[in-house]
Amino acid sequence: MRLPPAIIGHTEEVLREILRFTGPADGTLSRYFREHPRLGGRERGVIAEAIYGLLRNKSVYTSFAESGTGPAMRRLTLLGLADAVGLESLGGLSEEETAWLDRVMQIDRSHLPLNMKSNLPSWLWDKLSTSFGEEQALALAEALNTPAPLDLRVNSIKGNRETVVAQLAEAPIIAESTPYSATGLRVKKKPSLQNLPLFKDGTIEVQDEGSQLLAQLVGARRGEMVADFCAGAGGKTLALGAIMRNTGRLYAFDISEKRLAKLKPRLARSGLSNVHPVVIAHEKDAKIKRLAAKLDRVLVDAPCSGLGTLRRNPDVKWRQTAEGVAELNVKQASILASASRMVKPGGRLVYATCSILDEENEGIVQAFLAQHPDFTLLPASAVLAEQKVELEMGDYLKLYPHLHQTDGFFAAIMERKKV
């Protein structure tokens, strides 16, 4: 079935705005769809798929678009749509455009130069190929350029994995257990969950398996005092609350009232009453100082480049810069140092990012340990074994989509020495 020719115009219009990279692509798309309510569900799906395909494959498409005639933005748009739905589904093309697209779509992409095949900005490709070697860097890049499956976390306060799998099958949604997280489920397709009773009553939450593992590394126990220092919308907070079996006191700190507001409906659904959302002005807020050396566990999911989440947010690689990462490094070091003050002697501090860059990960941790001799590194391998997670790691947790089928995550587990 052919798509109406107007789809090309809509896709081109929203693509032009997204390629300015002034904000997240998903926000721009959502706003565009609100402003064009006559677009049906199928049309929206096609536009979104074409846009995300373009963002994933921008280096290749930009090169291909240099051939052909007509406005460059239209050529980019046609490439994205043809890849998303097939050339035969596009209406309103000239004979020349059809012939050009047919020719371009037959190019064997496996023979393209490595840096183009990676579909990464050159600064990022250079960093990854230096860190991993070209072959591994390309495997990582290709995985980052593949759409992620849908991962769910079963709220153990309200249900168990086996029962939830059976209930989802009635929907019908086919889910299978994730290999590492004991509360994780993976759904191959991306069904709408909002109206499912399991979602409405807080039995399931959307959360990548890697993010679930970060919460597990904290090792929170019943009755403890714990903080999620950069809680955001609270995915890890909710996982921690369930691990604590709704006991103790769990602080969800964030500098953004807007982000914490997104936690409130999720918290209401979750059945947790041990979570205390707290807006702070900055990492040295007096509310933090009052908790000095009082907490058993502190998770610092630091603001980062987000380059481990490219499967879901492909625009991030084009919006992020090497200079932006350097600015983040200063913030990451400051946040980790401030959060560490809340950890009591014998307590645990977990520093985590959704980045794949050494300077946001080991670099920050090693500098922190050099300046804070009262903290020691606990090998991730030992903590994973303690948590009964069958995953081979060294000193740090390093998750990658091409190896572990999760987003890219890093975590370091540290302990404050007892006095």
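Contact here means heavy atoms within 4.5 Å. The structure is a predicted model, in which local features need pLDDT of at least 70 and side-chain atom pairs count only at pLDDT 80 or more, while totals for chains, interfaces and linings use all residues. Residues are numbered from 1 along each chain as its sequence is written, and side-chain values use heavy atoms, with hydrogens and water left out.

Leaving aside neighbours within four places in sequence, L29 is in contact with V14, I18, I47, A48, I51 and Y52. A second, separate core of 37 residues includes Y180, L213, A231 and L391; a nonpolar core is a set of buried Ala, Val, Leu, Ile, Met, Phe, Trp, Tyr and Cys residues joined through side-chain atoms within 4.5 Å. Buried means under 20% relative accessible area, exposed over 50%, and partly exposed in between, with a 1.4 Å probe and protein chains only.

The largest nonpolar core has 39 residues, of which L29, I47, I51, L79 and L101 touch the most other members. Two or more residues of this core are given by each of α1 (6-18), α2 (25-35), α3, α4 (58-64), α5 and α6 (95-104). Helices (H or I, at least four residues) and strands (E, at least two) are DSSP runs, numbered from the N terminus. Helix α3 supplies the largest share of the core, eight residues.

A48 is found in helix α3. Not counting residues up to four places away in sequence, A48 touches L29 and F33. A48 and A72 are 24 residues apart in sequence, and their C-alpha atoms are 20 Å apart in space.

Helix packing can now be considered. Two packed helices are described by the angle between their axes and the distance between the axes. Axes are lines fitted to C-alpha atoms, for helices over the stretch in contact, and angles run from 0 to 180 degrees between N-to-C directions. The axes of helix α3 (residues 41-56) and helix α5 (residues 72-85) come within 8 Å and cross at roughly 110 degrees. Helices α3 and α5 are therefore roughly perpendicular to each other; angles under 35 degrees count as roughly parallel, over 145 as roughly antiparallel, 65 to 115 as roughly perpendicular and the rest as oblique. The crossing in which α3 passes α5 is right-handed. A crossing is left-handed if the near helix is turned anticlockwise from the far one by less than a right angle, and right-handed if clockwise. On the α3 side the contact is made by V46, E49, A50 and L54, and on the α5 side by L76, T77, G80, L81, A84 and V85. By class, this contact of α3 with α5 has seven nonpolar, two polar and one charged residues. Ala, Val, Leu, Ile, Met, Phe, Trp, Tyr, Cys and Pro count as nonpolar, Asp, Glu, Lys and Arg as charged, and the others, Gly among them, as polar.

For α1 and α2, the axes come within 10 Å and cross at roughly 140 degrees. That makes α1 oblique to α2. Helix α1 passes α2 in a right-handed crossing. H10, E13, V14, E17 and I18 of α1 meet A25, T28, L29, R31 and Y32 of α2. The classes in the contact of α1 with α2 are five nonpolar, two polar and three charged residues.

D296 is buried, with a relative accessible area of 14%. D296 touches E224, M225, K344, G347 and R348, residues up to four places away in sequence not being counted. D296 and K344 are 48 residues apart in sequence and 6.1 Å apart in space, C-alpha to C-alpha. V330, by contrast, is exposed, with a relative accessible area of 61%, and is placed in helix α17 (residues 322-340). The C-alpha atoms of V330 and G394, 64 residues apart along the chain, are separated by 26 Å.

Most residues other than glycine have a negative phi, and most peptide bonds are trans. The peptide bond from A171 to P172 is cis, with omega near -5 degrees, and P172 is found in the loop between α10 (161-169) and β2 (175-177). A293, a residue other than glycine, has a positive phi near 60 degrees. A293 lies in the loop between α15 (286-289) and β8 and is partly exposed, with a relative accessible area of 38%. Q405 also has a positive phi, of about 60 degrees, although it is not a glycine. The location of Q405 is the loop between α20 (401-404) and β12 (409-416), where Q405 is partly exposed, with a relative accessible area of 38%.
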